[in-house]
Amino acid sequence: MSRIEEVLRYIRRSRRLKISLLLAPPIIFLAIWFYAPFLILGLYSFNMINIYREIVFTPSLEHYTRVLSWTGAINIYLRSLYFAGLTVILCLLIGYPAAYYISFKMKKYKDVFIILFIIPFWVSFLLRTYAMMNLLDERGLLNTMLMSLGAINTPLKIMYTDVAVILVMVYDYLVMMVLPLYANLEKLDRTLLEAASTLGAGPIRTFIKVTLPLSMPGIMAGFLLVFIPAVGEFVVPELVGGPNNYMVGNIIYEIFMGARHWWIGSAFSMLFIAFILSLVIVYIRKIGERGLAL
Amino acid sequence: MSELYSVELENIVKRFGNVVAVDNVNLKIKENEFFSLIGPSGCGKTTTLRIVAGLEEPDEGVVKLHGKDVTDVPTHKRNIGMVFQHLALFPHMNVFENIAFGLKMKKFPKEEIKRKVREILEIVKLEGLEMRRINQLSGGQQQRVALARALVIEPSVLLLDEPLGALDLKIRQHMMVELKNIQRKVETTFIYVTHDQTEAMTMSDRIAIMKDGRIQQIGTPLQIYYRPVNTFVASFIGEAVNLIEGDVKEDGFMETRLGLVYCPESEIKGKAAIMLRPEVLEIGNKLKDLDNILNGVVQAVIFKGSYVEYRIEVEGTSFIIHKHGVTNTEKIYPVGSRVEIGWKRESSLLIPLD
């Protein structure tokens, strides 16, 4: 047996080696492009990089205390949470009935309707947002239409408000809610619903007692897929929101690129990451457990 | 005054597209009867059961429960119980919650739910497992939970759709006896769908055999085994059957490819078949006192424990014979040996051919 064959055989047989070979590329990739920059961010926030971009051992919490003593920061965190929370709830309220209807009530063309949800996603995120700006503008399609129909006399002021931010975010993220929900509902064993009906449960109670609890994993996945990007949203409030609708992403951008204060920016980011991470952990513990335990 | 039936199906027709799944089925199932619907897959037995449950709407016909027309009543208002083929236990609930589900839907008070669940767990022998999750139970235990869940609501009829299909042989045999015992204990009408005739024969008071959406015969296990109305029932029921086709010449005689054969006297004229169960045939060298004796050659011998199965060829026709009560000192005819087979005309049955 040749030396190469021997090595190949060893690789084939060693489970641990096989797993590490498979996992190495993504981990190395993430290490270079995510974990290393993240570490640098951490160093900045603890004041361990000086203005000459050298690593120095002068750790301090001064940047954190400065962020925390700024009341505006809390407001921005809360506003981000509010925007993302509202987006996620609206996505769920719109997405669940849609996914439910397609999965349970449609016999043909299920794929067609799911693709209809996916198609907007093929258009660039920026283009979609610009398109929405055109629709919602004071002299945009929506207002022109409503005015020519005589429904309103003065144009609705939607652009540069909370409403615009939420509307565009829901539009942008809806598919992230619909897809996991649909996949989850498709997997749901229909005989469970039949079983419930033979046990005297009508359609509504069957939904509450069987369908809804069993679709918790889908709701969870959808929630995280919408909430995490939404809470860090940067483009939408920048383009369709007014100065009062700034979210964390916009502030971070301002601190880094406007004020060029990398230390405060880093501390601000780190605090927000910790905040969101703890929320997600609580969420998974509280609601997720039941969903994941299936 | 007509007798009150637990379940009545009148002229039920169900089509799926161009396929007629259930074709004009009429059934009357008595109170507390263990009734089985059997037939090959695709014969419409499960669809018929689902129509009784209200999970499937018939295109034509009437469904009655206890004399009341329920054709348009939705499943959850029919007060039926059902055990599904794959059990359909709720994976997000434990044993207690699964069984209590129906009682909660019917708004029983908490204490009564607890008592009833405890009672039914005793009947299905699952005491102490209330808090287990479904995936922590064995196949047989899950089976019992499904049964308990359906029975605890005291349904007017319990529908079972191949509930033992997923179990292995030993547990299945055990559950068959158990099911019959439970049925006696709870005094409920059971409708049992299966493709396994052994299950049906073991437990049923009466059996309906279906083929291509139509009922072929309804009768007790004994009736359908020894008095099948057609060759389909004859071959579907029982481990094996011998059918000799021919022409009934006059009362008691039939012209077959094996020559003139004595057959039982009956009304049947023209094309018919003689049915012989494998255990009524005799095998030997110098057979006496039999109406029909044929010469054949042993093609195969299979020792099956409590009996020996012979396959014997007589002029191009193969016969299956089961010889019971074989002792180890007795001679077993080896493959290739010439033997006689024979039977008395009254142990055979004449079946008309269409």
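Two strands count as paired when DSSP finds at least two bridges between them. This wording applies to S16(B) and S17(B), which are joined by six bridges. All views show a predicted model, with an ipTM of 0.85 and a pTM of 0.83. For chain B the average pLDDT is 91, and 99% of the residues score at least 70.

**Figure 1. The two domains of chain B.** The domain assignment divides chain B into domain 1 (5-231) and domain 2 (239-352). The C-alpha centres of domain 1 and domain 2 of chain B are 39 Å apart. Each domain of chain B gives five residues to the contact between them. On the side of domain 1 of chain B that touches domain 2 of chain B, two residues are nonpolar, two are polar and one is charged.

**Figure 2. The five-stranded open sheet of chain B.** The strands of this sheet follow the order S15-S19-S16-S17-S18 in chain B, and the pairing is antiparallel.

**Figure 3. Strand S16 of chain B with its partners S19 and S17.** Strand S16 (residues 292-303) of chain B runs antiparallel to strand S19 (residues 338-343) of chain B, with six bridges between them. In this pair, B:Asn292 faces B:Trp343 of S19(B) across the strands. S16(B) is also joined to strand S17 (residues 307-314) of chain B, again antiparallel and through six bridges. Here B:Phe303 stands opposite B:Val308 in S17(B). The hairpin of S16(B) and S17(B) has three residues between the strands, and B:Gly305 in this hairpin takes a positive phi near 90°.

Figure 4. S17(B) and S18(B) are joined by eight bridges and pair in the antiparallel sense. B:Val308, the residue opposite B:Phe303 in the previous view, stands opposite B:Lys323 in S18(B). How many residues lie between the strands of the hairpin of S17(B) and S18(B)? There are two residues between the strands. B:Glu315 in this hairpin has a positive phi near 45°.

**Figure 5. The six-stranded open sheet of chain B.** Six strands are arranged in the order S6-S7-S8-S3-S9-S10 in chain B, with mixed pairing. S6 and strand S10 (214-219) of chain B each have a single partner strand, so one side of each has no neighbour in the sheet. Neighbouring strands are turned by 20° against each other on average in this sheet, direction ignored. S6(B) and strand S7 (residues 157-161) of chain B run parallel and share four bridges. Within this pair, B:Met82 has B:Leu159 in S7(B) as its bridge partner.

**Figure 6. The side of chain B that touches chain A.** The contact between the chains takes 19 residues from chain B and 16 residues from chain A. Strand S6 (80-83) and helix H2 (95-105) of chain B are the elements that give two or more residues to the chain B side. By class, eleven residues of this side of chain B are nonpolar, six are polar and two are charged.

Figure 7. B:Lys107 lies in the loop between H2 and helix H3 (110-123) of chain B. The phi of B:Lys107 is positive, about 60°, although this residue is not a glycine. Is B:Lys107 buried or exposed? B:Lys107 counts as exposed because it has 8 C-beta neighbours inside 10 Å, and the cut-off for exposed is 12 or fewer. A:Arg260 lies in the loop between helix H13 (248-258) and helix H14 (262-292) of chain A. A:Arg260 is not a glycine either, and has a positive phi of about 55°. With 8 C-beta neighbours inside 10 Å, A:Arg260 counts as exposed.

**Figure 8. The loop residue B:Asn18.** B:Asn18 sits in the loop between strand S1 (5-16) and strand S2 (19-30) of chain B. B:Asn18 has 5 C-beta neighbours inside 10 Å and therefore counts as exposed. From B:Asn18 to B:Met131 the C-alpha to C-alpha distance is 48 Å, and the two residues are 113 apart in sequence.

Terms used: Residues numbered from 1 in each chain as written. Chains lettered and ligands numbered in written order. Predicted model: local features only at pLDDT ≥ 70, side-chain atom pairs only at ≥ 80, totals over all residues. Buried ≥ 20, exposed ≤ 12 C-beta atoms within 10 Å, placed from the backbone. Contact = placed C-beta atoms within 7 Å. Nonpolar A, V, L, I, M, F, W, Y, C, P; charged D, E, K, R; others polar. Domains from an automatic or database assignment. pLDDT = per-residue confidence, 0-100. Axes fitted to C-alpha atoms, helices over the stretch in contact; angles between N-to-C directions.
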